[in-house]
Amino acid sequence: MMQKYIGSDVTSMVTLPVLIFEPMTMLQKMAELMEYSNLLDRADECEDPYMRLVFATSWAISVYYAYQRTWKPFNPILGETYEMANHSGVTFIAEQVSHHPPMSAGHAENEHFAYDVTSKLKTKFLGNSLDVYPVGRTHVTLKRDGVVLDLVPPPTKVNNLIFGRTWVDSPGEMIMTNLTTGDKAVLYFQPCGWFGAGRYEVDGYVYNAAEEPQILMTGKWNESMSYQPCDMEGEPLPGTELKEVWHIADAPKNDKFQYTYFAHKINSFDTAPKRLLASDSRLRPDRCALEKGDLSKSGAEKSRLEERQRAEKREREAKHHQFTPRWFDLTEEVTPTPWGDLEVYQYNNKYNEHRAAVDSSDSIDEVDVKLIEFNPWQYGNLSAE
């Protein structure tokens, strides 16, 4: 049955059973990158331009522990959002800005940094494996000096989709470039060899603008990263030692979905801001049902949401309307990536204005957010028939 899809991008071609899903959406998974946001705080505070890249690349690597989960997150509904507050002073907002092709945009910030991403995953089904190409643009602005960092992550391969134990690997290069100075870090994610040899290992260097190595980095993306100053040949400088810069936090034992404590926090309403948007991923009925272990209800709700989304598309086409994201604007910029060109969405700052108005209001009634009905829809009272 799946042979006809071999070699194809199956991002939105195949309807999958909830049995293989985790109770989280892609927008929430984007937020997992904020778990170790303190590393970006340290990068902003750092005077040494090369150590800035050590901290920032370690932050980018830290999320791969979460990415090794083999459960599939729910695809967001067009207009769906996820917002997070109450985490180390970080405010995070993400929105599904396009359905075909599936695209998400995100923005996070605190007093030290601003993070902006446009994400469009591209996949290639290879029978018993799936290649995932991160067609996206990620920029981090360090606020003290206005330094802008650009991240290009490696592709990911999901192995043994049909036969054997499913596992994830991300072989290839991660490149983070300081667009302000020209310095960059190039880290190589080792491919998994026979009997697991080399799996998880990451090695590379921080280079100056003249492409001369300054600091070597080594570690495992599921454990820790360390660094050491080096000479022009990439060898450790005499009198220096390897120092750890990041270490994975403790995780719950025997967790059903292999969630970290932070992943549970993302799903929790404890990280929800006051007057949560009705389009928030936490409120999705299929996600909530799966979280409670009710697969039958989850599958029915997932089908209902997908059919409503198709009905909205028909209504838009009939009225010659276009969907307009609420918190992000489509720019005229098209940026090249190793896996194709990308249309860039830009944060429009309206969410900051919305939050400021909500937080300053004294007339907000206490509402049980769990009772808010999920509503990302453009049209009200629309039949899904």
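Which residue in β8 is the bridge partner of T138? L151 in β8 is the bridge partner of T138.

This is a predicted model, in which local features need pLDDT of at least 70, side-chain atom pairs count only at pLDDT 80 or more, and totals for chains, interfaces and linings use all residues. Residues are numbered from 1 along each chain as its sequence is written, and side-chain values use heavy atoms, with hydrogens and water left out.

**Strand pairing**

Strands here are DSSP runs (E, at least two residues), numbered from the N terminus. Two strands pair if DSSP finds at least two bridges between them.

Start with β7 (residues 129-142) and β8 (residues 147-152). They pair in the antiparallel sense over five bridges. Their hairpin has four residues between the strands. In that hairpin, G146 takes a positive phi near 75°.

Next comes β11. Strand β8 is joined to β11 by four bridges, and the two run antiparallel. Here V152 has I175 of β11 as its bridge partner.

Strand β11 (residues 172-178) also meets β12 (residues 184-189). Six bridges join these antiparallel strands. G172 stands opposite F189 in β12. The hairpin of β11 and β12 has five residues between the strands. G182 takes a positive phi near 90° in this hairpin.

From β12 the pairing continues to β13 (residues 201-207). Six bridges link the two, again in the antiparallel sense. A185 has V206 in β13 as its bridge partner.

In a regular strand, side chains alternate between the two faces of the sheet.

**Cavities**

The structure holds two cavities of 30 Å³ or more. A cavity is a set of points, on a 1 Å grid over the protein atoms alone, where a 1.4 Å probe fits but cannot get out; lining residues have an atom within 4 Å of a point. Grid points are joined across faces, edges and corners, and a volume is the space filled by probe spheres set on the points.

| Cavity | Volume | Lining classes |
|---|---|---|
| Largest | about 50 Å³ | five nonpolar, one polar, two charged |

Ala, Val, Leu, Ile, Met, Phe, Trp, Tyr, Cys and Pro count as nonpolar, Asp, Glu, Lys and Arg as charged, and the others, Gly among them, as polar.

Which residues line the largest cavity? They are E32, E35, Y36, S62, V63, Y65, A66 and I248. The second largest cavity is lined by I77, L78, Q309, E312, R316, F323 and W377.

Notes
1 Å grid on protein atoms, 1.4 Å probe; cavity = no way out; pocket = protein on both sides within 12 Å on 5 of 7 lines; lining within 4 Å.
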